[in-house]
Amino acid sequence: MSLKIVSEALPNTFEFETSALIKASGFREYDARWWFGHPGSAEPPELNLVGVQALGMGLGTLIRRLGAGPDIVTGHDFRSYSLAIKLALVSGLMAAGARVRDIGLALSPMAYFAQFALDTPSVAMVTASHNENGWSGVKMGAARPLTFGPEEMSALKAIVLAGDFDLVGGGSYDFVADFRKIYLDDLTRDKRIARKLKVVAACGNGTAGAFAPEALERIGCEVIPLDVELDHRFPNYNPNPEDMKMLHAIRDKVLETGADVGLGFDGDGDRCGVVDNEGNEIFADKVGVMLARDIARLHPGSTFVVDVKSTGLFNTDAALRADGAVTDYWKTGHSYIKRRVAELGAIAGFEKSGHFFFNPPIGRGYDDGLITAIAICEMLDRSPKSSMADLYRDLPLTFGTPTMSPHCADELKYGVVERVVSDFQAMKHDGAIFAGQKIAELITVNGVRVVAEDGTWGLVRASSNKPELVVVVESPVSSERRRQMFEAVDAVLRRSPEVGAYNQTF
């Protein structure tokens, strides 16, 4: 089969119906993400269903070339177009000889679990995660529990854009009925808390609404549902536990009901956000420190992996040091952290975005927001005299920001970050004063994290899945120093006219 691959095509035209529209920029660092559009959207699409077929042909070709064999799990999230995209993907996979096991409507971690439960090496989960309505994409892997990194994504991009498909035929399709029950049974097996916890479960009308409340009830929680009805319009807020609008909604419900904790899940259920019983919105990196403390007490000498957006407390916290914990700071991105956790044999990995990865005995190495939620409830169960707010207060005080994302086109963002890194390197070399102090350290494993003499730091990196940059700031000193660092970092960014407005600030 010969497909014409194009980067632009307008809907309601002959070319749109007969060509594979698949914009090159949608092949991102560790997954694929495109603007698919929806009825009424003015922005031109970057992908059509013929393009999705081409993606399936490319993926089916790649997994064979990687030596993973033809077997692959697929599922889709709850959006108006996700089922159609999945079926187009399946048709392409089958043309390339793939044997497809379809688990239906699913969370991303449910698809990862299916790789183990169905003994199937590869996965293709159709989801745009927390992106706004109109986005779609695919999270892929061929070596459980890992997902693709830059090398595999570059290979896939080359195959698809060149139409270099091995269309061997012989594919098959098998729908796996009732896999939701199998997943929930495994998730909650031998998980039962003694403490009576009242928990707000917020799902932003995303896919997690069909899973999270039941999982929490099964382990013994009293669940207060918030926006758990599936509605792909996302009428209240985007299902994104980094989004302050979602966190504020959880806070309000916690305070209204007197809940012990509020837990928020993103669109495909692989992330979890937390609000404590006093309404404090706890950024995920601080939740990670709390969980690391709990895990290190049970497993002294544990190794943890955290991303460069995360708090410096993982290195400085006295409680973690006392239990012999070791922390490795690594690249942001669920695929990078997952891979690093596996490489180091770490017991857990934490991302500021809320992707948490647990190796045995807690998990299987992939990110699952429901495993995270259960781990938080178990932590509270093991601390019967402490509230979530008490555990939060027990952390050393730092002043952090949410993840802030100024707009920057996909084609330009990496060049902007390169210039920013060069600017900081020149300042450090010259001994310049930045944000009131000399630069003590530059961490350039992923963008640049500039650290001042007093430990205040600011991070700039390119978003891996949207046309944005990512900015995070933290100070162990004061909110004033946090503000000073942010303004100094932003001033460097504003040297590049390609950098637009922030999605949120503090």
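Colleague: How much helix and how much strand is there over residues 40-165, and how far apart are the end C-alpha atoms?
Modeller: This is a predicted model. Over that stretch the chain is 43% helix and 20% strand. The end C-alpha atoms are 34 Å apart.

Colleague: And what about residues 191-279?
Modeller: There the chain is 24% helix and 22% strand, with the end C-alpha atoms 26 Å apart.

Colleague: Which feature does UniProt place at those ranges?
Modeller: The record, an unreviewed entry, gives "domain: Alpha-D-phosphohexomutase alpha/beta/alpha" at residues 40-165, 191-279 and 285-396.

Colleague: What does the domain assignment give?
Modeller: Domain 1 is 5-181, domain 2 is 191-394 and domain 3 is 399-502.

Colleague: How far apart are the C-alpha centres of domain 1 and domain 2?
Modeller: They lie 28 Å apart. Domain 1 puts 31 residues into the contact, and domain 2 puts in 34 residues.

Colleague: What area is buried between domain 1 and domain 2?
Modeller: About 2,900 Å², with 60% of that from carbon and sulfur atoms.

Colleague: Which residues in domain 1 lose the most area to domain 2?
Modeller: Phe78, Leu107 and His130. Together they make up 24% of what that side buries.

Colleague: New topic. Where is Asn131?
Modeller: In the loop between β6 (122-126) and β7 (135-141).

Colleague: Is Asn131 buried or exposed?
Modeller: Buried, because its relative accessibility is 0%.

Colleague: What does Asn131 touch?
Modeller: Leaving out residues up to four places away in sequence, Asn131 touches Arg33, Arg79, Phe234, Asn238, Asn465 and Lys466. With Arg33 there is a side-chain polar contact of 3.1 Å.

Colleague: On to the strands. How do β19 and β20 pair?
Modeller: Antiparallel, over two bridges. β19 covers residues 433-434 and β20 covers residues 437-443. Phe434 has Gln437 in β20 as its bridge partner.

Colleague: What is in the turn of that hairpin?
Modeller: Two residues lie between β19 and β20. Ala435 in the turn has a positive phi of about 50°.

Colleague: How many bridges join β20 and β21?
Modeller: Four, again in the antiparallel sense. β21 is residues 448-452. Ile443 stands opposite Arg449 in β21.

Colleague: Which residue takes a positive phi in the hairpin of β20 and β21?
Modeller: Gly447, near 75°. That hairpin has four residues between the strands.

Key. Residues numbered from 1 in each chain as written. Predicted model: local features only at pLDDT ≥ 70, side-chain atom pairs only at ≥ 80, totals over all residues. Heavy atoms only, no water. Buried < 20%, exposed > 50% of the residue type's maximum accessible area, 1.4 Å probe, protein only. Polar contact = N/O pair within 3.5 Å; in protein donor to acceptor, adjacent residues only side chain to side chain. Contact = heavy atoms within 4.5 Å. Pairing = 2+ DSSP bridges. UniProt positions renumbered as here; feature names shortened; annotations may be inferred. Domains from an automatic or database assignment. Buried area = accessible area lost by both parts, 1.4 Å probe.
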